[in-house]
Amino acid sequence: MRVLFTFAGGSGHADPLVPIADEVRDAGHAVAFFGRRSAATVLDAHGFSLFADHDDPAMATGDAGAITPLLELDMEREYRMLRDGFADRIARDRRAGLLRLADEWRPDLLVCDETDFGGMIAAESFGLPHATMLSNASGSFVRAETVAGTLDAIRAEHGLPPDPGFAMPARDLVVSPFPPSFRDPAFPLPENAISIRAGAGATVDEVIPAWMRQLPDRPGVYFTLGTIFNQESGDLFVRVLSGLRELEATSS
């Protein structure tokens, strides 16, 4: 079987796919990825082939690591970016790219990151099954009221029926790499979802890096802003770590 793993975002969307891809390859199947070259560090380390998506703003600007001033919280802006970016422009571009790739690589199954709507539409157009890998632990961000109307317009262009309830991501299988307790109860997992723990079969030495095992025997605090929002953080890292320094804990 030939399994194509697809991701529309950055490394936070690509990395969760890797443990599944490892298992699929170890089972003897052919594996490849389709997504942004700038997010491929982990893919390269695991020896996966990547069909690079031309729509990669980080590569185009050469400014992937720049830190911009801290943005004020604005959920309407975030929903707008999800709708106009991932559900419209990026979905259209990726669906076209996957059409070309399907003729070249001929996958039997797609495994799509949660926001790769173009990949999901492509799979449905080709009559292929697809699994959706979640990249948002709470499940409260990607909503039907935000993206369904925009995606229906693209679906219509390719002869697919409307999907006002946004059932497409759960059409075949949903995979959650998060503890179930992280999920917002108002947005439960669909019935055909499974929860996994990446690296469950690995040893402690494989999962925990050496530097972490050398930390003092006291509480630890891990602070992260993810793979994209950290670039809009201004001096937030410095301010948060300065505050954490006052705790009787190890901060990183």
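Me: Which hand does the crossing have where α5 passes α6?
Reply: First, a heads-up: this is a predicted model, in which local features need pLDDT of at least 70 and side-chain atom pairs count only at pLDDT 80 or more, while totals for chains, interfaces and linings use all residues. Residues are numbered from 1 along each chain as its sequence is written, and side-chain values use heavy atoms, with hydrogens and water left out. A crossing counts as left-handed if the near helix is turned anticlockwise from the far one by less than a right angle, and as right-handed if clockwise. Where α5 passes α6, the crossing is right-handed.

Me: Which word describes how α5 and α6 lie to each other?
Reply: Helices here are DSSP runs (H or I, at least four residues; strands are E, at least two), numbered from the N terminus. With axes fitted to C-alpha atoms over the stretch in contact, and angles running from 0 to 180 degrees between N-to-C directions, α5 and α6 (residues 117-126) pack at about 45°, axes 6 Å apart. Under 35 degrees is roughly parallel, over 145 roughly antiparallel, 65 to 115 roughly perpendicular, and the rest oblique. So α5 and α6 are oblique.

Me: How many residues of α6 are buried?
Reply: Buried means under 20% relative accessible area (exposed is over 50%, partly exposed in between; 1.4 Å probe, protein chains only). The buried residues of α6 include F117, M120 and I121, and the buried set packs against β1, α5, β4, β5 and α7. α6 is mostly covered, and its buried count, out of 10 residues, is seven.

Me: How is α5 oriented relative to α7?
Reply: α5 (residues 75-105) and α7 (residues 144-157) pack at about 15°, with axes 9 Å apart. That angle makes the orientation of α5 to α7 roughly parallel.

Me: How many charged residues does the contact of α5 with α7 have?
Reply: Contact means heavy atoms within 4.5 Å, and the residues making it include R83, D88 and R92 of α5 and E157 of α7. Asp, Glu, Lys and Arg count as charged; Ala, Val, Leu, Ile, Met, Phe, Trp, Tyr, Cys and Pro as nonpolar; the others, Gly among them, as polar. Next to eight nonpolar and two polar residues, the charged count is four.

Me: Which side chain does a polar contact of 3.0 Å join to T250?
Reply: T250 is in strand β9 (residues 250-251) and is buried, at 16% relative accessible area. A polar contact is a pair of N or O atoms within 3.5 Å; within protein, one must be able to donate a hydrogen and the other to accept it, and residues adjacent in sequence count only if both atoms are side-chain atoms. At 3.0 Å, the partner is R218.
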